[in-house]
Amino acid sequence: MTLLIQTLIQGISLGSIYALIALGYTMVYGIAKMLNFAHGDIIMVGAYTIYSTIALAHFPGWLGVLSAVVFCGVLGVVIEFLAYKPLRGAPSLNVLITAIGVSYLLQNIALLIFEGKQKAMPLGDFDFPDLKVGNTGITVTGEVIFTITLTVVLMIALTLFINKTKMGKAMRAVSEDKDAARLMGINVNRTISVTFAIGSILAAFASLCYGMSYAYIKPTTGSMPGIKAFTAAVFGGIGSIPGAMLGGFVIGILEKLSSAYISTQFTDAIVFGVLIVMLVVRPTGLLGKKIREKV
Amino acid sequence: MKKFLSRINRRDALTLLVLVGIFAFFFIMLETGAASNQFKNMIIPMSYYILLAISLNLMVGVLGELSLGHAGFMSVGAYTGCFLSVMLVEKFPELPMYVYLPVAMLCGGLMAALFGVLIGIPALRVKGDYLAIVTLAFCEIIKTVIINLEFLGGAIGFDTDSIVPDRNKALTLLPYAAFAVIVSAILIMNLVRSKHGRAIMAVRDNRIAAEACGINVNFYKVAVFGIAAFFAGIAGVLYGHNDVLLKSANFDFNMSIEILVMVVLGGMGSNMLGSVIAAVVMTALPEMLRDFSDYRMLIYSVMLIVIMLFTSAPALAGIRERLSLGFIKESLQKKMAKKAEKKKAGKEEEK
Amino acid sequence: MSERKTVMSVNGTEMFSPPSNILIPTRDEGKKPVLDVRGLGIDFGGLRAVDEFTITVSPTEISGLIGPNGAGKTTVFNLLTNVYKPTRGAILLDGHPTAGKSVAQVNRMGIARTFQNIRLFDQMTVLDNVRVGMSNNIRCNFAESFLRLPGYFKAEKRSRERALELLSIFHMESEAYTLAGNLPYGAQRRLEIIRALATEPKVLLLDEPAAGMNPSETHALMESIRQIRDQFGIAIVLIEHDMNLVMGVCEGIAVLNFGKVIAKGTPDQIKNNEAVIEAYLGRQEKKEA
């Protein structure tokens, strides 16, 4: 029982990271109708930004996070402007390949600057005390509490932003029908830029959480969490924001459960297997809209 | 009308000619010893990447379904074929390569095709990006399972050193590679230009209309999964025989992406020439950039982005039009016609 | 033209007639109907999109399905081709029920159709579009295709010749090697008809074949529809808003409103039918009055 609860909490924590990244995938997909494969690498960029500001420039921890948030946000917008915007209207597969090119580019720039050797994340400022729950033997580590709290706060903020602000309304309109939104006077280009910025900022926060749980980073760090988060976004129904949150948690919990109870080696296979079964049963994900083709 | 007919055939014929040319070039380079070590190491990879690109183009360009799991089919072929070769060589040390390698290729291909069909059936339910993620997931599952199979070497890798004993591997394997690639290309192109190929393209262009024309869409989708996987499996067998150690981790989604990049760059669709050329260029490119050592992959990625922007940005459509072969041909023809007219006019004046 | 104006044997003119053969052209007398649809209906959510749809079509009849926008005409076609599974009712094609069959199987049984929003294979040539329609009528297995055995060349030759023959109905042979997506609108509509014919149907469903055509094109289409019926000896059901075409070419007409058949009869009967005028044709007159 203790193990189960511990595992579930760890799963929620891991799922939080996935959910934060998945939100970026799903928002960009919903609004720009593209799979931004470079999104996973934004986490890596965020992690290295934190590393540089804290370990190399010796700034305090909060400044490291702030600079990561700013840098990733700007980077997301710049990437969109340089690489994706010229391709608007091109076949989606060509945009996908470009995104892959951007992903390689980010990884290789990081490789040039920081070299392949892994670096320890200097997150001493974020050392929170562990929480022991009475005499049940359950311990919740500080980073888990921090991760979950941060994620919940960010998700509430995002939901409020999308539902309450003018820009949020514009985003929903653009994701529904780009042309109609443009006719209604919405600046589609700006809306897409903002979407990329928000997605990247969430990824920057994810990189903080990732760094806290895994402690080490290298240029390919973003790759696997990126794919897992992408899986989570698809699992929840790509394009759906609640879907991405839910998908992230489900994938995270599933991963921790299967490594705790079944086999650590087969964890990835199990997670992907469940994903396939899920998609076969519900072809557009948990909360994805069912598209009916008009004949 | 007849002109066009011969043009269809000419397109495939040109592809074939280019393929034969490529392999003839490889032979000459190897036989004369003109090939550098670097080039030697590129020859077999180029061969299997050509085959991978063509077979993925059948899936993505002809059927119109995005697959990110091609490396998975390749690994099934590689492990099946290499396992068989290792067994055969162990049991019958005298067995010549021209017996066991083709057997390995065929069995590797068939096993991959079986996996293709097995994956194709559930994949029928999902479409587009969801299908891409399902194929990716299958690829990752295959990878994970193989890593955990002890008799296939587990995480250390599967030792395939014994099956191609020759020191000069490229030259030993080249005839098999050439045969496999050229024959596979012919088979695939034949299929595309047949009734079945038309049915597959019909599914791509308009699934609902294809159904209304009496085409069994599900059958063709699964069939293409199987066929594309078959040829990817053969490519995998080549890959395995060229390497000394098969590592399951290499067949990850990055490899699938690499193949997809070739297909997209080469131009998707019924014409396979683009895939062939893109496969050769994209395999050679990272090697050619080796002189830039650290900057190699950086340049590669920048080139990839620039090429994609150049080839598909809607704003650049006009420039592409001007640079296209058809346009150049047309303008040349116009010039020739003008010249001929001038000549004619001149002659008439002389008269 | 006048000789084609077949005399109808009108047995009854009651509106909500039971599945009776009110409109059998004399040449089809005594023949079993090729299409027998009984009480067909489908619900979308709570909405009865089509209800109690009953018609019979005799083997070489040209009949029309008309009605205001949103009346459910295309839905009827989707039901007839099993794109939608009917909630109620039965469809008998040549006496065989089509229930439970896939869209492709229904086509093979003998129902072919065109689409209101044109659905061609845009990246393929006109000729290949027609050949796709012939897929089930040319024998060429995978081995023959892969290896280019003699059977392949025979099949290719035969299908090419046959496709060109079909294209000649609309004088489109010269366009055979154009990409279908590059054809002008009217030609795309005609190509869809040819592609449907290539599947060798018993019943041809045309969904607004004259949409977007100018009067002279429409007139030519009218002639072609009759020619197709005569040449292939098949039944044709068409949805159309162009009343000149419907009244000029159809032998029997069913009028649909809010998913229900409100009238059936010959063109003359429909023209003078009160219910039809009120529901459909007369709307404007009312406004004027």
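Confidence first: this is a predicted model, and chain A comes out with a mean pLDDT of 91, with 99% of its residues at 70 or more. Within chain A, helix α3 (residues 61–84) has the highest mean pLDDT of the elements, while strand β2 (residues 131–133) has the lowest. Here are those two ends of the range:

| Element of chain A | Residues | Mean pLDDT |
|---|---|---|
| helix α3 | 61–84 | 95 (highest) |
| strand β2 | 131–133 | 81 (lowest) |

Staying in chain A, have a look at how two of its helices pack. The axes of α2 (residues 39–56) and α4 (residues 92–114) of chain A come within 9 Å and cross at roughly 25°. Since angles under 35 degrees count as roughly parallel, that makes α2(A) and α4(A) a roughly parallel pair. Their crossing is left-handed. On the α2(A) side, the contact is made by D41(A), M44(A), V45(A) and Y48(A); α4(A) answers with S103(A), L106(A), Q107(A), A110(A) and F114(A). Sorted by class, that contact has six nonpolar residues, two polar ones and one charged one.

Now for where chain A meets chain B. How many residues does each chain put into the contact? Chain B gives 36 and chain A gives 37. On the side of chain B that touches chain A, the elements giving two or more residues are α5 (128–147), α10 (253–266) and α12 (296–312) of chain B. By class, this side of chain B has 27 nonpolar residues, along with four polar and five charged ones.

Chain C is next. It has 11 helices and 12 strands, and 46% of its 289 residues count as buried. Take the contacts in chain C between residues at least 6 apart in sequence: 66% of them join residues at least 24 apart.

Is α3 (residues 126–133) of chain C mostly covered or mostly uncovered? Mostly covered: eight of its eight residues are buried. The list runs V126(C), L127(C), D128(C), N129(C), V130(C), R131(C), V132(C) and G133(C). And what does the covering? Chain C itself supplies some of the cover, including α5 (150–167) and α6 (185–198) of chain C.

How values were computed:
Residues are numbered from 1 along each chain as its sequence is written. Chains are lettered from A and ligands numbered from 1 in the order in which they are written. This is a predicted model: local features need pLDDT of at least 70, side-chain atom pairs count only at pLDDT 80 or more; totals for chains, interfaces and linings use all residues. Axes are lines fitted to C-alpha atoms, for helices over the stretch in contact, and angles run from 0 to 180 degrees between N-to-C directions. Helices (H or I, at least four residues) and strands (E, at least two) are DSSP runs, numbered from the N terminus. Angles under 35 degrees count as roughly parallel, over 145 as roughly antiparallel, 65 to 115 as roughly perpendicular and the rest as oblique. A crossing is left-handed if the near helix is turned anticlockwise from the far one by less than a right angle, and right-handed if clockwise. Two residues are in contact if their C-beta atoms, placed from the backbone, lie within 7 Å. Ala, Val, Leu, Ile, Met, Phe, Trp, Tyr, Cys and Pro count as nonpolar, Asp, Glu, Lys and Arg as charged, and the others, Gly among them, as polar. pLDDT is the predictor's confidence in each residue, from 0 to 100. A residue is buried if 20 or more other C-beta atoms lie within 10 Å of its own, exposed if 12 or fewer, and partly exposed in between; C-beta atoms are placed from the backbone.
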